[in-house]
Amino acid sequence: MKEQLAKIKAEALNALESTQAVADLDALRVKYLGKKGELTSLLKQMGALSPEERPRMGALVNEVKANLEAALEGQAKKLEQAAMEARLKLEAVDVTIPGKAPKLGHKHPMYLALDEIKDIFIGMGFTVLDGPEIELAELNFDRLNAEEGHPSRDWSDTFYFSADEKVMLRSQTSPMQVRAMDTMELPIRIIAPGRVYRKDEVDATHSPMFHQVEGMVIDKNVTMADLKGTLNTLAEQLFGKGTVTRFRPHHFPFTEPSCEMDVQCHKCGGAGCPTCKGEGWIEILGAGMIHPRVLEMAGIDPGEWSGWAFGMGLERTAMGRFKISDLRLIFENDVRFLEQF
Ligand code: DAH
């Protein structure tokens, strides 16, 4: 029995030494020290021993048991430490390795141009407004003096949301004039940039979605000279000193008189080229003196107050500002193009 005990001990210690994981230790614990383990079954055979031998043998078995338990514990600690070291090695961060520079994007050229436009107007005391792209036809048309039957209200030109033609994707930023008149104290100086929508096919100069910047001033004794002075200042600050502009008569339902402002072509300097379609000029905005009916509909007395307004195409303005020759480049978002700004 003694030999058996020695054998179990040697075997167990041997097995213990070659364990690789804490889980293996549990298996060994069961195998040698468990209820049906080898030491326990040895103890059960003690009945066969003489009464003198029994306590000695018992003491020996207990000693081996204590040895094994201590060894198990020691090995468990060793394995845990080894596992921890392996993990620390695996998860080590080498803080001396050079970092990977994140690829940062930057502002789109059209928004760069918009930032400059905002700065110029804020410098002249204007407030920047933001408004809804889903708009009431009443504000987009009626309150701007474009009543039922006006050609721009046609289904083929406008994105309506329902057959009753009450709600639509705004076709211009001009309804922001009405929103400003309805909510702000006089005098008013605002610009309102944003997206507008029309049923246009995409080509070199058209897109069903594009951007406008609306502008409006209402004050006492405001004249067309103020309009021209302000818009010429804008053109010079945006496109450079000495920029040549021209104002042509035009018609808009909500202004009287109305005009369009052209800027001399940035590509050819007025000689005529594909960018300006041979004209030498590029139209960038519509403007005019606010129609007295528009003021009246907003409860403003046209005898006391007058105002001017403009609506500027942002894509075209950005094209002039950064000498971009094709409108589609603005929307394609090719990084090789965008990275140049
Ligand atoms: N809303 C006009 C358009 O989309 C542009 C415009 C013209 C705006 C004259 C104005 C204005 O404020 O006074 O064509």
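Which residues form one aromatic cluster? Phe 121, Phe 126, Trp 308 and Phe 310 do. The views below come from a predicted model.

**View 1. The aromatic cluster of Phe 121, Phe 126, Trp 308 and Phe 310.** The count of aromatic pairs comes to seven. One of them is the pair of Phe 121 and Phe 310, which is stacked. Their ring centres lie 5.5 Å apart, with 20° between the planes. Phe 121 belongs to helix α5 (residues 109-123), and Phe 310 to strand β9 (residues 306-313), so the pair ties together parts that are 189 residues apart in sequence. Phe 121 is buried, at 0% relative accessible area. Phe 310 also counts as buried, at 1%.

**View 2. The tilted pair of Trp 155 and Tyr 160.** Here the ring centres are 5.1 Å apart. The planes make an angle of 55°. Trp 155 is partly exposed, with 41% relative accessibility. Tyr 160 is buried, with a relative accessible area of 10%.

**View 3. A patch of negative charge on the surface.** Five residues gather here: Asp 154, Asp 157, Asp 200, Glu 201 and Asp 203. Asp 200 sits in the loop between β4 (188-197) and β5 (209-219). Its relative accessibility is 30%, so Asp 200 counts as partly exposed.

View 4. Most peptide bonds are trans. Pro 187 lies in the loop between α7 (175-183) and β4. Pro 257 is part of strand β7 (residues 255-264).

**View 5. Lysines with positive phi: Lys 277 and Lys 323.** Most residues other than glycine have a negative phi. Lys 277 has a positive phi, near 55°. It is in the loop between β7 and β8 (281-290). Lys 277 is exposed, with 61% relative accessible area. Phi of Lys 323 is positive too, near 55°. Lys 323 is found in the loop between α10 (314-322) and α11 (327-332).

**View 6. Leu 234 in helix α8.** The helix covers residues 224-239. Leu 234 counts as buried, at 1% relative accessibility. How many Å apart in space are Leu 234 and Glu 165, C-alpha to C-alpha? They are 36 Å apart. In sequence, 69 residues separate Leu 234 and Glu 165.

Key:
Residues numbered from 1 in each chain as written. Predicted model: local features only at pLDDT ≥ 70, side-chain atom pairs only at ≥ 80, totals over all residues. Heavy atoms only, no water. Patch = residues over 30% accessible without salt bridge, like charges linked within 9 Å, V, L, I, M, F, W, Y side chains within 5 Å. Areas by Shrake-Rupley, 256 points an atom, 1.4 Å probe, with all protein chains shown as cover. Salt bridge = Lys/Arg side-chain N within 4 Å of Asp/Glu carboxyl O. Lys, Arg positive; Asp, Glu negative; His and termini not counted. Charge placed at Lys NZ, Arg CZ, Asp CG, Glu CD. Helix = DSSP H or I, 4+ residues; strand = E, 2+ residues; numbered from the N terminus. Buried < 20%, exposed > 50% of the residue type's maximum accessible area, 1.4 Å probe, protein only. Phe/Tyr/Trp six-rings, centres within 6.5 Å; stacked < 30°, edge-to-face > 60°.
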